[in-house]
Amino acid sequence: MESLLNQWLWQEEYWLPPGIHWQDVDMKGEDGHFPLPRDLIYTLPLAFTFIALRYVFERLIAVPFSKHLGVKDRIRIRAASIPKLETFYKQSSRQPSQSEVVNLGKQCGLSQRKIQTWFRHRRNQDRPNNTKKFCEASWRFVFYLVAFTAGLGSLINSPWLWDHRECWRGYPKQPVAKAHYWYYILEMGFYLSLLMCVSVDVKRKDFKEQVIHHIATIFLIGFSYCSNYVRVGTLVMLVHDSSDFLLESAKMFHYAGWTRTCDSLFVVFAVVFLVTRLVVFPGRVIHTTLVVSAEFFQPFFGYYFFNALLLVLQVLHIFWAYLILRMVYKFVFMGKLERDERSDAESEVDDEEEEPEEEGEESSWAQRKGAINSKLASLAHNCVLNNLTNQRNINSRLPKAR
């Protein structure tokens, strides 16, 4: 079985250019390390290590830091314990139709308005609070900042950072430095941990796009490592990390209510994102993998597969750039950032609409309560005046009666 798998999976035409064999890239004894597929096995335990570190980081560092910055969680009304509604909520739908509301009202003996209110409170009850969002953003901020700083430090003296033709000179007989090896392993382990935690993390507006991005990134890192596309792979990771930590920092200050700091960081992030993802990435990275690489070897399966993954990432970049430009438009013409169009809004549209509706009900009730209180005060004032007037009339009649 193992021999059949090796014959099918590790065929040379999949991983190496025409005319190159596995024996040709055996660089034992040479300076550096040649990437081997078995090296990627270490990314799986590393992903679980990241999950454990995140758990400790969020509780020992992120939560106290959120309180220090003034992150406040909104107090939400908890839905009453109604077993039939709870069963329907978990098993059928979070937002029932009108006919389902009528049926549930008959079963529970409640009005339609109370049923709708219960489901709204129940949905809001499941919405993540600001502290949870802050902890998630702070964890990603720390990793992306460390990854970008370490990656830039390891590549600053590399010739392919300045001359992209060096990515392919001597390919595939290119030894990998220890720093670049760990850069690859840590990045892949981190994205594996994000993919494992996607079901418990905050579900955002671009949830599906984020899952596609994580899967494409994992395949891209793994395949580029096995095919020894490590040089151009380090450039891809560096370009992505350069703007991600800015976005996470803007989110952190958004949850803390630091509006001016959040807006300033968002502007910087938008500029860096648009330049790196829409100019540098397609103009330099994809150009060197599509065009420049063809000058050094004939295209093969790995060439097409690697470029296809890069183009998938570029499509996602265009989608996110559209959302960011919408936010920039709102910021310029409305003067504030209402919410993060890219990934800060929850994916459930009904939840987004219910929250303002609940606020509207609370505000309208507050207005009605204030109007009732003012009417009661006016009525009490009139009663007091009437009593005083009647007392004066009685006193004025007493002498005449005598």
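The chain has 14 helices and zero strands. Helices here are DSSP runs of H or I with at least four residues, strands are runs of E with at least two, and both are numbered from the N terminus. Read along the sequence, the pattern is α-α-α-α-α-α-α-α-α-α-α-α-α-α.

This is a predicted model, in which local features need pLDDT of at least 70, side-chain atom pairs count only at pLDDT 80 or more, and totals for chains, interfaces and linings use all residues. Residues are numbered from 1 along each chain as its sequence is written, and side-chain values use heavy atoms, with hydrogens and water left out.

Confidence comes next. The pLDDT is the predictor's confidence in each residue, from 0 to 100. The chain averages 79, and 76% of the residues score at least 70. Over residues 342–367 the pLDDT is below 50, yet this stretch has 60 contacts in the model beyond near neighbours in sequence. A contact means heavy atoms within 4.5 Å. Residues 396–402 also stay under 50, and there the model has zero contacts beyond four places in sequence.

Now the chain as a whole. Of its 402 residues, 43% are buried. Buried means under 20% relative accessible area, exposed means over 50%, and partly exposed lies in between (1.4 Å probe, protein chains only). Take the contacts between residues at least 6 apart in sequence: 82% of them join residues at least 24 apart.

Thr43 has a relative accessible area of 3%, so it counts as buried. What does Thr43 touch, not counting residues up to four places away in sequence? Its partners are Ile185, Met188, Gly189 and Leu192. The C-alpha atom of Thr43 is separated by 9.6 Å from that of Tyr191, although the two residues are 148 apart along the chain. A polar atom of the Thr43 side chain also lies 2.5 Å from the backbone oxygen of Leu40.

Aromatic rings are the next topic. A pair of rings is described by the distance of the centres and the angle of the planes. Rings of Phe, Tyr and Trp (its six-membered ring) pair if their centres lie within 6.5 Å; planes under 30 degrees apart count as stacked, over 60 as edge-to-face and the rest as tilted. A search of the whole structure finds 31 aromatic pairs. In one, the ring centres of Trp168 and Tyr171 are 5.9 Å apart and the planes stand at 80°, so the pair is edge-to-face. Trp168 is buried at 2% relative accessibility. Tyr171 is buried too, at 10%.

Tyr181 and Tyr225 make a tilted pair, with 6.4 Å from centre to centre and 50° between the planes. This pair links distant parts of the chain: Tyr181 is in helix H9 (residues 178–196), Tyr225 is in helix H10 (residues 207–226), and they are 44 residues apart. Both tyrosines are buried. The charged end of Lys178 sits over the Tyr181 ring, 5.5 Å from its centre. A charge sits over a ring if NZ of Lys or CZ of Arg is within 6 Å of the ring centre and within 35 degrees of the ring normal. Elsewhere, Phe50, Phe57, Trp139, Phe143, Tyr144, Phe190 and Tyr191 form one aromatic cluster.

Charged pairs come last. Side chains of opposite charge can pair when their charged atoms come close. A salt bridge is a side-chain nitrogen of Lys or Arg within 4 Å of a carboxyl oxygen of Asp or Glu. By this rule the count is 10.

Glu86 takes part in a salt bridge with Lys90, at 3.6 Å from N to O. Glu86 and Lys90 are separated by about one helical turn, because they are four residues apart in helix H4 (residues 83–91). Lys90 is exposed at 61% relative accessibility. Glu86 also forms a salt bridge with Arg122, where the closest N and O atoms are 2.8 Å apart. Glu86 lies in helix H4 and Arg122 in helix H6 (residues 112–126), so this pair ties together parts 36 residues apart in sequence. Arg122 is buried, with a relative accessible area of 9%.

Another salt bridge joins the side chains of Asp244 and Arg277, at 3.1 Å from N to O. Asp244 is in helix H11 (residues 230–256) and Arg277 in helix H12 (residues 259–290), so the pair ties together parts 33 residues apart in sequence. Both Asp244 and Arg277 are buried. Finally, salt bridges that share partners join Arg54, Glu58, Arg59, Glu136 and Arg140 into one network.

Key: Polar contact = N/O pair within 3.5 Å; in protein donor to acceptor, adjacent residues only side chain to side chain.
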